[in-house]
Amino acid sequence: MEAKEGWKDLSLGGVITAAGNSVLYDTGNWRTLRPVINFAACSHCMICWLFCPDSSFQTQGKLLTGVDLEHCKGCGICAEECPKRCIEMVEEMALRGGA
Amino acid sequence: MTLETNERRTRYVRGTDVALSGGQLVAHAMRQMNPDLVAAYPITPQTILMELFCQFVADGKVDTELLTVESEHAAMSACIGAVAAGARAQTASAGAGIAFMWEMLWCASGMRLPIVMHVVNRSLSAPLNILGDHTDAMGCRDTGWVQLYAENAQEAYDNAIQSVRIAEHPDILLPVMECQDGFTISHSVQRVQLLPDEAVRDFIGSWEPAHALLDWEHPASFGTNVDRNDFFWYKRQQWNALDRALEVIPQVGEEYGRLTGRSYGYYEGYRLEDAEVVLVLLGSVAGVAKIVAEELRNEGIKAGILKLRCYRPFPAQAVADALRASKVVGVLDRASCFGGQGAPLFLDTCTALYQQGLSPAAVNYICGLGGRDVAPAHIRAVFLELLEVAKGKPVGRPMRFVDGAPPYDRQ
């Protein structure tokens with residue numbers, strides 16, 4: 001099997017010569033459950049933001065504003081940790097209007 | 001003092017004659033190379049090497065950051081992190097220690113990091129055995145590391161120094177392991193030549209990585225995830241690097257020869273030129289085999305030895321060319337590698353012969369496992385059987401277990 005040009009163009013050993021570009025990778029489409037925040041009950045304690053393994057909580061100043069749906073994988077840690085129990089994990093497909 | 005001796009003394013760098021064991025001598029090589037980081041975990045028979053190197057660290061004779069990690073797996077992981085960061089890193093291990101870091105060996109080669117590991121070859125349990133054979137290095141022959149073998153302490157020292165140049169070559173960028181037999185080489189005191197510190201420093205030069213984690217101005221990510229298309233091409237790149245290593249290894253060996261008077265290539269041939277019966281082998285058993293070959297030559301038998309130095313990448317063309325005139329080939333394997341039609345060195349040798357359209361009779365001799373002595377009488381018995389095979393004795397299953405005189409397998 002002949003080697004095509006492809007392997008010569010790739011970087012050596014999979015090195016990526018850029019910083020912080022994993023933000024370009026859409027991991028949000030892995031999600032089967034989406035966190036829905038009840039902002040009436042939210043105290044903006046930021047514990048969800050702190051615990052999120054994917055840095056997917058959006059803030060504005062001292063306020064929690066929402067979820068980055070391009071990167072949230074729906075792990076549910078935020079709902080588990082929220083002291084106000086104001087995050088609900090909802091079926092993603094239901095929110096998108098069915099499969 | 002003859003003119004020849006004078007010329008020799010002025011042409012090559014003057015070393016110091018010392019009496020040291022292989023493990024101690026490689027520790028000196030590490031001292032002279034002064035790597036930025038050494039991460040290691042103790043295991044017999046590597047301990048003689050690391051104990052001396054640790055003494056050098058304690059005495060302030062090196063600038064090396066010494067990490068006494070919790071396992072060999074951690075040792076290789078630390079080396080990987082250090083070299084990705086932009087530093088030079090080395091480690092040493094043996095036997096089960098090599099096995100313990102096995103998954104990280106793949107990371108080191110896949111990430112194209114020029115780590116140098118000093119292997120003191122030891123058997124793999126069970127049963128538990130801490131003595132020398134090649135099973136540990138054979139167990140990672142597929143990992144994409146370059147593998148060099150030494151016959152004695154001098155060769156281990158010379159290989160250690162050359163390993164850095166081979167690994168860091170811009171067309172290669174692969175980790176290298178240089179191997180010496182546990183106890184036989186590592187613990188026996190031999191008369192060797194230690195190069196001057198500055199000669200070693202000049203030979204290895206400095207390491208200028210293309211990418212380094214600690215280079216803030218040119219950020220890079222190492223050890224990334226790739227998809228099913230690209231993974232195949234990265235592995236293709238590694239094959240290319242090993243092919244280049246095959247070209248570079250003798251070049252570095254010749255350059256080393258111009259410095260020291262000791263040149264290195266893929267193998268050393270002993271009485272090989274017109275040999276009709278040849279033993280192919282690795283490591284310290286070469287010393288015994290050479291004595292027997294010499295005796296046989298004096299008896300009119302055209303015996304020869306092919307002592308392979310570069311096992312990975314396997315120099316198939318060179319080995320086949322060296323065996324072209326042989327009527328019969330014996331391959332000594334000092335490793336417990338089960339299930340195939342022979343042990344690793346035999347398989348590689350037979351493939352090389354086959355690819356060149358050569359088909360001498362070939363027999364695999366498993367010997368010296370777990371530190372078992374291989375004596376001149378054993379080698380003589382091997383040669384005598386090979387001579388019978390050359391005269392037409394049927395080989396049957398081409399595997400023998402060297403134990404006293406033939407026939408070895410009392411089935």
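Predicted model: local features only at pLDDT ≥ 70, side-chain atom pairs only at ≥ 80, totals over all residues.
## Basis

Local features need pLDDT of at least 70 and side-chain atom pairs pLDDT 80 or more, while totals for chains, interfaces and linings use all residues. Residues are numbered from 1 along each chain, chains are lettered from A, and side-chain values use heavy atoms, without hydrogens and water.

Helices here are DSSP runs (H or I, at least four residues), numbered from the N terminus. In chain B, helix 2 (residues 22-33) packs against helix 9 (residues 197-204) at an angle of about 65°, with axes 8 Å apart. Axes are lines fitted to C-alpha atoms over the stretch in contact, and angles run from 0 to 180 degrees between N-to-C directions. Helix 2 of chain B is therefore roughly perpendicular to helix 9 of chain B (65 to 115 degrees; under 35 is roughly parallel, over 145 roughly antiparallel, the rest oblique).

In contact (heavy atoms within 4.5 Å) are B:R31, B:Q32 and B:M33 of helix 2 with B:D197, B:V200, B:R201 and B:I204 of helix 9.

## Helices 8 and 10

Helix 8 (residues 153-168) and helix 10 (residues 228-260) of chain B pack at about 125°, their axes 10 Å apart. These two helices of chain B are therefore oblique to each other. Residues of helix 8 that make the contact include B:Y157 and B:I161, and those of helix 10 include B:I249 and B:Y256.

## Cavities

A cavity is a set of points on a 1 Å grid over the protein atoms alone where a 1.4 Å probe fits but cannot get out. There are four cavities of 30 Å³ or more.

Definitions and conventions:
1 Å grid on protein atoms, 1.4 Å probe; cavity = no way out; pocket = protein on both sides within 12 Å on 5 of 7 lines; lining within 4 Å. Points joined across faces, edges and corners; volume = space filled by probe spheres on them.
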